[in-house]
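Hi,

Here is the model I promised to pass on.

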Amino acid sequence: MATPEPSQSYPSDLTDTEWKVVEAIVGDSSKVGRPPRFERRAVINAIFYMVRTGGSWRFLPHDLPPWRIVYYYYSRWRNEGLWQKLHDGLRDAAREARAKKNARPPRYWIPKVCAQLAGEECAAMMLERRCWVGNATFWWIQTD
């Protein structure tokens, strides 16, 4: 008995973290009707392979699901608007990640020139509220 070769990994395949996001949108197919012959991840990887390479549906590699099944899911999900939902979900996740990365300090913290304060008071405050940004040093003093 010949053992089937493991599925080859392609550059267009989803990573595990990407699959978690996509799986939440696509849903679990094992709960409805009979169990599918091919995993949804394999079908989506085949669709992404087609989109990336721009080839013909009939020329999908043999280690991917059959082209008719892949095309069926692609057209079904296109008609249901799943690709738009997937695009919107990924765009929103990217925007949230960028917003967290570019977070600014709260509005009630404003920079002040330390020279306005007395010497010892200024030195004590600098040690507590020192912030390094690039090559510059800023001291943040809370105002009322």
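Predicted model: local features only at pLDDT ≥ 70, side-chain atom pairs only at ≥ 80, totals over all residues.

Asp92 and Arg91 meet through their side chains in a salt bridge, 3.6 Å from N to O; the term means a side-chain nitrogen of Lys or Arg within 4 Å of a carboxyl oxygen of Asp or Glu. Bridges with shared partners link Asp88, Arg91 and Asp92 into one network. Asp92 is partly exposed at 34% relative accessibility, and Arg91 is partly exposed too, at 31%. For the cut-offs, buried is under 20% relative accessible area, exposed is over 50%, and partly exposed is in between (1.4 Å probe, protein chains only).

Residues are numbered from 1 along each chain as its sequence is written, and side-chain values use heavy atoms, with hydrogens and water left out.

The whole structure has four salt bridges. One of them pairs Arg41 with Asp16 at 3.0 Å, N to O. Arg41 sits in helix 2 and Asp16 in helix 1, so this pair ties together parts 25 residues apart in sequence. Asp16 is exposed, at 53% relative accessibility. Another joins Glu80 to Arg76, with the closest N and O atoms 3.3 Å apart. Both of these lie in helix 3, four residues apart, or about one turn of the helix. Glu80 is partly exposed at 47%, as is Arg76 at 30%.

Which charged residue is buried yet has no salt bridge? That is Asp13, and the nearest side chain of opposite charge, Arg41, is 7.5 Å away. Asp13 belongs to the segment before helix 1 (16-26), and its side chain reaches the backbone nitrogen of Tyr10 at 3.0 Å.

Asn45, in helix 2, touches Ser12, Asp13 and Leu14, not counting residues up to four places away in sequence; contact here means heavy atoms within 4.5 Å. Asn45 counts as buried, at 10% relative accessibility. With neighbours within four places set aside, Arg41 is in contact with Leu14, Thr15, Asp16 and Trp19.

**Helix 1 and the overall picture**

The buried residues of helix 1 are Trp19, Val22 and Val26. They cover an arc of only 70 degrees around the axis, which puts them on the same side of the helix; the arc is taken from the directions from the helix axis to the C-beta atoms. These buried residues pack against helix 2 (40-53), helix 3 (67-80) and helix 4 (82-101). On the other side of helix 1, Thr17, Lys20 and Ala24 are exposed. Gly27 follows helix 1 and has a positive phi, near 90 degrees.

Overall, the protein has five helices and three strands, in the order α-α-α-α-β-α-β-β from the N terminus. These are DSSP runs numbered from the N terminus (helices H or I, at least four residues; strands E, at least two). Of the 144 residues, 22% count as buried.

Cheers

Technical notes
Lys, Arg positive; Asp, Glu negative; His and termini not counted. Polar contact = N/O pair within 3.5 Å; in protein donor to acceptor, adjacent residues only side chain to side chain.
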